[in-house]
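Here is a short report on one protein chain. Look at the sequence and the fold first, then read on.

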Amino acid sequence: MASISSWTSLVVLFICLAVQDASTVNNNNEVAVEPHVLTESPIWLKKPCRRKDPNVNKCLKETFQAMFPYMANGIPEVGIPRFEPLYIEKIGISKGHGAVTLVGNFNHLYAHGPSNTTTKNVRLDLDTGDLDISLLIPIIKTESMYDLKGNILLLPLVGIGDAKLLLKNVTTDVFMKVKFPRLPSGVEVMEVIDMKVNFKMNSCRVHLDNLFNGNKVLGHTVNTFVNKNALEIVEELKDNIGEALAIVFKKIMNDSFGRIPTKFWLPEDS
């Protein structure tokens with residue numbers, strides 16, 4: 001169930017989903033296939049952040065914060081679709097031990113709320129290639145299809161149907177390893193090469209339709225139990241869901257920042 005966090009986003013973190021061109025990098029740190037990149041600075045970029053500026057983290061925080069409302073509509077100039085609602089094709093769940101054992105998927109998930117993300121903190125270390133972002137999303141509402149089978153704190157759960165989730169105060173920490181390859185044209189972009197996603201939330205409400213082939217009594221019992229124990233269940237599934245979200249968010253980051261030249265937002269110091 002905890003695919004709930006498909007936001008986090010977020011979270012978040014953020015930006016728009018999935019476009020077509022996957023870039024490959026050669027041994028000279030150059031991208032072998034050049035994607036369609038912006039030729040002008042986006043309107044939400046008020047100022048670039050200088051790499052050697054002692055306040056670069058504060059500047060980047062402001063950059064990301066300004067980005068979210070704008071990205072709700074996507075960036076059609078480079079083929080990036082809208083971010084509100086955030087669409088995620090599939091979040092897989094596979095946990096075979098512990099208090100929660102669950103296998104299955106949340107499919108065709110739409111998350112409403114990521115564009116209201118607040119950037120709490122940004123940390124960039126150019127020497128190590130670390131880029132860490134902390135985000136807060138006040139409310140996330142999701143609709144999806146689910147296909148799950150397993151046990152939730154010893155209670156069986158089996159079903160295929162519609163799933164709705166309401167999450168409040170979702171905090172998402174995104175830890176990335178990044179590098180700055182050059183396209184064949186010489187334009188520098190950012191590429192995320194590794195990512196880890198942690199998240200937590202203050203509350204979670206869940207409704208899984210058609211549990212146990214539509215048995216309303218069993219379905220009501222399981223939904224009530226899940227909601228009473230939602231935060232504990234999310235904690236059990238957190239690592240599994242975090243890995244799935246990292247795959248999604250890594251693609252989002254590369255599909256966006258692989259198309260925004262660093263000269264517009266993080267130029268090299270002259």
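The model is predicted.

How far does helix H3 span between its end C-alpha atoms? H3 covers residues 230-257 and spans only 35 Å. A straight helix of 28 residues would span 40 Å at 1.5 Å a residue.

Next, the helix that holds Asn223. This residue sits in H2, which runs over residues 216-228. Is Asn223 buried or exposed? Its relative accessibility is 8%, so Asn223 counts as buried; the cut-off for buried is under 20%. Leaving out residues up to four places away in sequence, Asn223 touches Val206, His207, Leu208 and Leu211.

Now the whole chain. The protein chain has 4 helices and 7 strands. Along the sequence, their order is α-β-β-β-β-β-β-β-α-α-α.

| Property of the protein chain | Value |
|---|---|
| Buried share of the 270 residues | 51% |
| Share of contacts with a separation of 6 or more that join residues 24 or more positions apart | 73% |
| Share of accessible surface belonging to carbon and sulfur atoms | 51% |

Key. Residues are numbered from 1 along each chain as its sequence is written. This is a predicted model: local features need pLDDT of at least 70, side-chain atom pairs count only at pLDDT 80 or more; totals for chains, interfaces and linings use all residues. Side-chain values use heavy atoms; hydrogens and water are left out. Helices (H or I, at least four residues) and strands (E, at least two) are DSSP runs, numbered from the N terminus. The expected span of a helix is 1.5 Å times one less than its number of residues. Buried means under 20% relative accessible area, exposed over 50%, partly exposed in between (1.4 Å probe, protein chains only). Contact means heavy atoms within 4.5 Å. Accessible areas come from the Shrake-Rupley method with a 1.4 Å probe; for residues, only the protein chains shown count as cover.
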